[in-house]
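Please study the sequence and the structure before reading each solution.

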Amino acid sequence: MAAPVGRIEKEILLKALIDEKLRVIYIKDRIEYDMTLEQPATEEMVFRPIKPLGKIKPHSKLSMLFIYKGQVIEFTPELLAQKDDLIFCNTPDAFYKNLDRNYLRVDAPSDLKILFTFGGDRYNLEFPKVIEYENITPDNSVRKIDSKNLSVLIKQITLSFKNFADGYKIVNFKDKKPETIEEKIVSESGKVLFIPSTTELLPKTDPYPKKRIITEDLFKRYLESTGVGKTFLDDNCARFLKKKFESGVYSDLWVPILFHEYIVGYIHIWISKVERPRLDFSILDTVYQFAKVLAFSLKENGYFDHGKVSQQPFEGKVLDISASGFLFAYPLGSSVLSTLLVDTDIDVTIEAPNRSINTVAKIVRRFKDKSAGYLGCHFVNMAPEDTRFLFEHLYGRQVESRDAVFLSGQV
């Protein structure tokens, strides 16, 4: 995932651009332009193109990249002026590294038309909703459980709980709306409330690559959103845990049951016997998979069919595109935008004058401003011949040996 560089690292990069005369790449109308930084960057960056660039509309955003110590760095300055073959731009606040692509984005050519359709089934359901999309396919470790018979499945799961917990509860939000603090924070965040010991603090860090648990900081931010003042946060956390301990709960786990972007309910297990080992991350992982199996079983048994939405192609405004992905905008307030969530797969049709490409893209970034919502997408398993065609169509040159890694999909 692309990440902004820190202030000190940005200063190092700006110094390297001038000291090492690093090659900066910009693509316009399928022509690749190399340029170098002419003088040290302050609030302004002055570039000298190796070959004439032609006139660009003032205040245009110019997507540029360079390579520093093997790392691709991207930035998007705004054009201020062109004079004496020099390009004057502002120095943007953000430089990005760890890109999920390794070739420059360009303005979408006018001869490309791109249409989208949601991949798989989509739903409109009366459940709490989060802003991330959850794949409900369970891991192989729990697939031996029969998911077709829901009552048998629940019996199997609850029998398993007795191996590591003293109490358990499975709650469906169709019958019961979130009421307690635990239910509300789980349903609003879509994350696991994990309390290894009610005599200790909540976990300070989340060890999962794709963040899964409610840390102490996240819990405090939730309390603050409910009106608790900053000076009372520690007190409230302590009272929350003390109340559990005094009620005989020594270790506690609340796992949401996620179906696409919906929180269908949760699984709650706890330890109430001092002599029993407390809950740990391996138990959390097991219960998390059980929650996936439950969601999968509900789907297989037609539980969500009443909310299934018919698939209709939609067209967003593609702002820029590379051979590995694209950025498009969609109007705020649209019901379509509300279901375009991170990790959602969308089917993509790219229509060029002499070719049509059908592929899949995954939404990897989502942000918005006052005018629109923006979705950054990454192509998934595009056919090599389609990638080659798109590359040559966008960049106006044939594929070279230096692009081999790029075309193999390791972006």
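**Exercise 1.** In this predicted model, determine which residues of strand β11 form its covered face and which its uncovered face.

*Solution.* Next, apply it to β11, which comprises residues 113-118. The covered face consists of I114, F116 and F118, whereas K113, L115 and T117 make up the uncovered face.

**Exercise 2.** State in which sense β11 and β20 pair, and over how many bridges. Then identify the residue of β20 that stands opposite F116.

*Solution.* Strand β20 covers residues 345-352, and its pairing with β11 is antiparallel, with six bridges. Within β20, the residue opposite F116 is V348.

**Exercise 3.** Compare the span of α6 with its expected span, and describe the phi of G302.

*Solution.* Helix α6 contains 20 residues. At 1.5 Å a residue, the expected span is 28 Å, and the distance from the first C-alpha to the last is close to this, at 28 Å. After α6 comes G302, with a positive phi near 80°.

**Exercise 4.** Describe the volume of the second largest cavity, its lining residues and their classes.

*Solution.* First, the model has two cavities of 30 Å³ or more. Finally, sorting the lining by class gives five nonpolar, no polar and two charged residues.

Terms used. Residues numbered from 1 in each chain as written. Predicted model: local features only at pLDDT ≥ 70, side-chain atom pairs only at ≥ 80, totals over all residues. Heavy atoms only, no water. 1 Å grid on protein atoms, 1.4 Å probe; cavity = no way out; pocket = protein on both sides within 12 Å on 5 of 7 lines; lining within 4 Å. Points joined across faces, edges and corners; volume = space filled by probe spheres on them. Nonpolar A, V, L, I, M, F, W, Y, C, P; charged D, E, K, R; others polar. Buried < 20%, exposed > 50% of the residue type's maximum accessible area, 1.4 Å probe, protein only. Helix = DSSP H or I, 4+ residues; strand = E, 2+ residues; numbered from the N terminus. Pairing = 2+ DSSP bridges. Expected span 1.5 Å × (residues − 1).
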